Amino acid sequence: MQKVFNNKTAIFLFVFPGILLFALTFLVPIFLSGYYSLRDTLAPGTPSTFTGFANYTQLLFHDSRFWLALRNAILLGLGFIFIQHPIAIFFAIMLDRLGGKAEKWFRTIFFIPCVISVVVISKMWLSLLDPTFGAFNKLLDTLGLGMLKHAWLGDSSTALVTMLFILIWAGFGWGLLFYYAGLKGIPDEMYEAASLDGASGFKLHLRITVPLLSPVITVQITLAMITALKQMETVFLTTNGGPGDSTQFLAVYLYNKAFSASQYGYANAISILFIIVCLLATYLSSKLTRSDATEF
Amino acid sequence: MKKSTKIILWVFFLIVALVQLFPLIWLVDFSFLSSNEFYSSSILKWPSDPQWQNYINAWVDGKFLRYFLNSAFVTTVTILLTVVLSLTLGYAFTRMQWRFRSIFFTIILLGIMIPIHATLLPNFAIFKALGLTNSYLGLILPYTAVSVPMGTFILTGFLKSIPKAMEESAVVDGAGIYRIVFQIIAPLTAPALVTVVVTTFLNCWNEFIMASTFLSKDALKTLPFSVMNFAGQYSSDYGSQFAVMVLTSIPAIIIYAIFNEQITKGVTAGAVKG
């Protein structure tokens with residue numbers, strides 16, 4: 001037995017291809033990014049000079065866009081945590097109580113937006129929110145709320161909230177599915193014991209279900225924060241960070257710096273800081289949430 | 001539960017489902033309209049004269065078939081590579097005895113946290129130097145690299161729940177390590193593997209930003225480009241634009257309808273242990 005598990009050739013064959021691929025597409029690029037970030041490169045392959053940490057000091061101390069992008073990511077993450085996730089938990093509990101064929105049907109329906117391409121989702125919402133033919137403003141008209149009609153993504157005061165709304169719509173199915181899966185893992189005896197103690201309905205769920213879901217919630221909150229930080233495609237394809245940086249995110253910012261503004265070196269400095277921020281956020285959220293996670 | 005409560009729940013879910021699906025219903029509805037009908041005041045409109053021409057435009061000028069085949073090829077190869085690599089890595093991390101396994105495991109898991117967008121710029125430079133831009137491999141490699149960390153994570157979690165007794169009896173029967181992994185362990189991890197397959201499929205099939213950075217040759221483009229190309233060409237023909245969006249969404253929805261049960265089972269297995 002030990003001999004089989006110690007088989008050096010097998011270990012090498014099992015591990016090497018994966019590690020090699022990972023090194024080539026993650027580690028080497030990050031080092032290269034580090035190299036470019038210390039130079040005033042205009043585009044990859046063009047001559048450049050070493051500028052030390054100039055890009056970083058510029059970013060951290062003189063670039064308000066960088067901080068704005070970070071702030072937007074945090075706001076989006078908080079939006080996910082305090083709006084999307086409670087809704088998803090609520091729906092998961094309700095779905096669990098529905099039971100039977102209907103449970104399966106609704107679960108299937110709620111996940112549909114999650115299988116649709118981000119390109120379609122972005123273009124579709126641009127059309128839905130279009131000030132002239134979009135269904136959303138027409139709906140407001142029909143409801144007699146015409147005064148609320150608005151270029152939702154075109155106004156810097158509503159763009160970020162609208163983005164949050166689109167992303168909640170698009171990602172709701174995943175959240176629901178994870179919490180639903182977590183609920184299915186809670187043994188029925190837990191509920192029986194609690195109802196014998198006189199707990200019922202809302203109270204039962206608040207006291208029993210939510211605490212027992214906490215391992216799932218912990219993982220989901222961490223993932224929500226990372227998702228918010230990594231936000232790119234939907235923003236890129238709808239507002240491209242605008243209007244006036246109101247929906248600016250790090251990934252969109254670095255992409256535009258590299259490919260539109262020809263500041264490749266500077267964009268790589270954003271990349272490096274972006275990675276650090278993501279790792280830091282993961283570390284912090286796992287530290288913060290681990291303490292009150294309970295096993296069952 | 002009382003019957004009345006059940007009916008209320010039913011109605012409630014029906015309304016929510018309609019609201020949630022409304023954008024898609026609207027999209028399908030308007031894809032059958034001509035562009036001047038878009039500006040009428042009604043929210044949904046019965047297409048009395050359905051514009052099939054919109055779908056013909058979408059199929060022909062959206063280059064649906066070509067892009068669909070590209071997507072299918074890239075996604076299939078990526079899924080195969082991801083499954084094999086995640087299984088072997090996962091097995092090596094949970095069962096095999098070697099010195100640096102926890103370090104390597106941590107490194108691989110970092111891949112879940114590192115944003116792909118941050119590696120986009122240097123990868124563009126590297127791929128360009130290696131001549132990998134404008135090739136299938138230029139998409140398959142990064143897609144696989146992005147999918148493997150999550151796949152390995154799911155599989156290590158699942159492998160831990162499989163008792164070692166399985167392998168012990170196999171060893172007694174004289175099975176070698178490769179037979180153990182591919183013939184005995186692989187079928188046992190089927191639920192986790194299906195999860196890996198489905199999440200990899202959804203990620204690659206719908207991926208756009210890497211594809212648009214690494215590809216410029218039309219013959220290689222993937223399905224999301226149908227929508228992008230179209231937006232310029234048919235900028236005022238909204239009906240055709242909507243038709244191409246509906247058309248490109250159909251394959252993923254069909255796949256989802258087929259694997260729907262497995263997705264839930266896979267996530268259930270992953271969520272409870274993860």
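Reply: Let us start with charge. In this predicted model, chain B carries 17 positive and 11 negative side chains, and the centres of the two sets lie 13 Å apart. Chain A carries 19 positive and 15 negative side chains, with 6 Å between the centres of the two sets.

Me: How should I read the overall dimensions, and what is the radius of gyration of chain B?

Reply: One sets the radius of gyration beside the value for a compact globule. For 274 residues that value would be near 19 Å, but chain B has 23 Å.

Me: What percentage of the residues in chain B is buried?

Reply: Here a residue counts as buried when its relative accessible area is under 20%. Buried residues make up 54% of the 274 residues in chain B, and 54% of the 296 residues in chain A. The surface can be read as well: chain B has an accessible surface of about 11900 Å², 69% of which belongs to carbon and sulfur atoms. Chain A exposes about 13400 Å², and carbon and sulfur atoms supply 69% of that area.

Me: What share of the contacts in chain B joins residues 24 or more positions apart?

Reply: The idea is to ask how far along the sequence the partners lie. Among contacts with a separation of 6 or more, residues 24 or more positions apart account for 72% in chain B. The corresponding value for chain A is 64%.

Me: How is the size of an interface expressed, and what area is buried between chain A and chain B?

Reply: Interface size is often given as the accessible area lost when the parts come together. Between chain A and chain B about 8400 Å² is buried, and carbon and sulfur atoms give 80% of it. Phe5(A), Phe14(A) and Phe133(A) supply 10% of the area that chain A buries against chain B, more than any other three residues. The contact takes 94 residues from chain A and 95 residues from chain B.

Me: May we turn to single residues? Is Asp29(B) buried or exposed?

Reply: One compares the relative accessible area with the cut-off. Asp29(B) is buried because its relative accessible area, 12%, is under 20%. The residue Asp29(B) is found in helix H1 (residues 3–30) of chain B. Not counting residues up to four places away in sequence, Asp29(B) touches Leu44(B), Lys45(B) and Pro47(B).

Me: Where is Ile166(A) placed, and which residues is Ile166(A) in contact with?

Reply: Ile166(A) lies in helix H8 (residues 159–184) of chain A. It is buried, because a relative accessible area of 1% is under the 20% limit. Leaving aside neighbours within four places in sequence, Ile166(A) is in contact with Ile121(A), Trp125(A), Leu129(A), Leu153(A) and Thr234(A).

Technical notes: Residues numbered from 1 in each chain as written. Chains lettered and ligands numbered in written order. Predicted model: local features only at pLDDT ≥ 70, side-chain atom pairs only at ≥ 80, totals over all residues. Heavy atoms only, no water. Rg over C-alpha atoms; globule rule 2.2 N^0.38 Å. Buried < 20%, exposed > 50% of the residue type's maximum accessible area, 1.4 Å probe, protein only. Contact = heavy atoms within 4.5 Å. Areas by Shrake-Rupley, 256 points an atom, 1.4 Å probe, with all protein chains shown as cover. Lys, Arg positive; Asp, Glu negative; His and termini not counted. Charge placed at Lys NZ, Arg CZ, Asp CG, Glu CD. Buried area = accessible area lost by both parts, 1.4 Å probe. Helix = DSSP H or I, 4+ residues; strand = E, 2+ residues; numbered from the N terminus.
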